[in-house]
Amino acid sequence: MHMKILIVDDEKRIVEGTRKYFEQAGFDVIAAYDGVSAVRLALKEFPDLVVLDLMLPGMGGFDVCREIRKESNVPIIMLTARVEETDKLIGLELGADDYITKPFSPRELVARTRAVLRRANAEPTPSSQVYQFGQVVFDVAARECKVNGNVVSLTPTEFDLLHHLVRHPNQVCSRTQLLEATDLGVFEGVERTVDVHIHNLRRKIEPDPSNPVYLVTAFGVGYRFVKQK
């Protein structure tokens, strides 16, 4: 059964051109041309990944991402014609897994899609473990994270970042290493994206995100996971 991609863009030319490349790569494609339809299809059709343009009529891309994230952890790649780094970081903070700037190569978009889907559907390895620290239980095989007994939804990127950090306790991991651990380094090379994903992780697992005790900043370098004694 083919994986299903939801493409959201108000420019039909872009949708149809992108659809062709995805279908040639073996994906099924559905499309939405406005924000309201995008949210409805994302929650009704259960796509494996959403390609989401920021500039949409009515409900904009940021709001669409926010609404989808209330109900679903489906991977999201944002498309933006804006060059401001702030817009890209806002998208990541809202829960997007990756972004690509217009104009873009459809082949690159398909490649990024495959990378995000690999992370989202990664099979557990024989060395998979359950990590417990404080009130957090991180089950790699189940791809599940619980805080105080409640399941916390992690995006594929957040999951891979946390997995890399807990496998290297008390070691400083550079932003470049963390990007490469999630496949993002291959495409983005924008180290500040790591900061946004770590910020989101802290909000989800730290007792006090403003004073983290698990995911600690190594200033000027990256981050380290502090193993509690």
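Which residues line the largest cavity? I will start there. Leu-54, Met-78, Thr-80, Asp-87, Lys-88, Gly-91, Leu-92 and Tyr-99 do. Before going on, the conditions: this is a predicted model, in which local features need pLDDT of at least 70 and side-chain atom pairs count only at pLDDT 80 or more, while totals for chains, interfaces and linings use all residues. Residues are numbered from 1 along each chain as its sequence is written, and side-chain values use heavy atoms, with hydrogens and water left out.

Now the word cavity. On a 1 Å grid over the protein atoms alone, a cavity is a set of points where a 1.4 Å probe fits but cannot get out; a pocket is an open set with protein on both sides within 12 Å along at least five of seven lines; and lining residues have an atom within 4 Å of a point. Grid points are joined across faces, edges and corners, and a volume is the space filled by probe spheres set on the points.

Helices (H or I, at least four residues) and strands (E, at least two) are DSSP runs, numbered from the N terminus. By class, the lining has four nonpolar, two polar and two charged residues. Here Ala, Val, Leu, Ile, Met, Phe, Trp, Tyr, Cys and Pro count as nonpolar, Asp, Glu, Lys and Arg as charged, and the others, Gly among them, as polar.

β4 leads us to its partner. β3 (residues 49-53) and β4 run parallel, joined by four bridges, and Val-51 stands opposite Ile-77 in β4. Strands pair if DSSP finds at least two bridges between them. β3 is also joined to strand β1 (residues 4-8) by four bridges, again parallel, with Ile-5 opposite Leu-49.

Is β3 buried or exposed? Five of its five residues are buried. Buried means under 20% relative accessible area, exposed over 50%, and partly exposed in between, with a 1.4 Å probe and protein chains only. Leu-49, Val-51 and Asp-53 are buried on one side, Val-50 and Leu-52 on the other. Gly-60, in the loop between β3 and α3 (61-71), counts as buried too, at 17% relative accessibility.

Next, an open sheet of four strands, in the order β6-β7-β8-β9 with antiparallel pairing. β6 (130-133) and β9 (150-152) are at the edges with a single partner strand each, so one side of each has no neighbour in the sheet. From one strand to the next, the twist averages 25°. Four bridges join β6 to β7 (residues 136-139), and Tyr-131 faces Phe-138 there.

Two helices lie across this sheet. α9 (residues 192-205) lies across β6, β7, β8 and β9, at about 50° to β8. Contact means heavy atoms within 4.5 Å; axes are lines fitted to C-alpha atoms, for helices over the stretch in contact, and angles run from 0 to 180 degrees between N-to-C directions.

Last, the largest pocket, with about 320 Å³ of space. α5 (106-120), β8, β9 and α6 each give two or more residues to its lining. There are 19 lining residues, and Asn-73, Pro-75, Ala-120, Leu-154 and Pro-156 lie nearest the centre.
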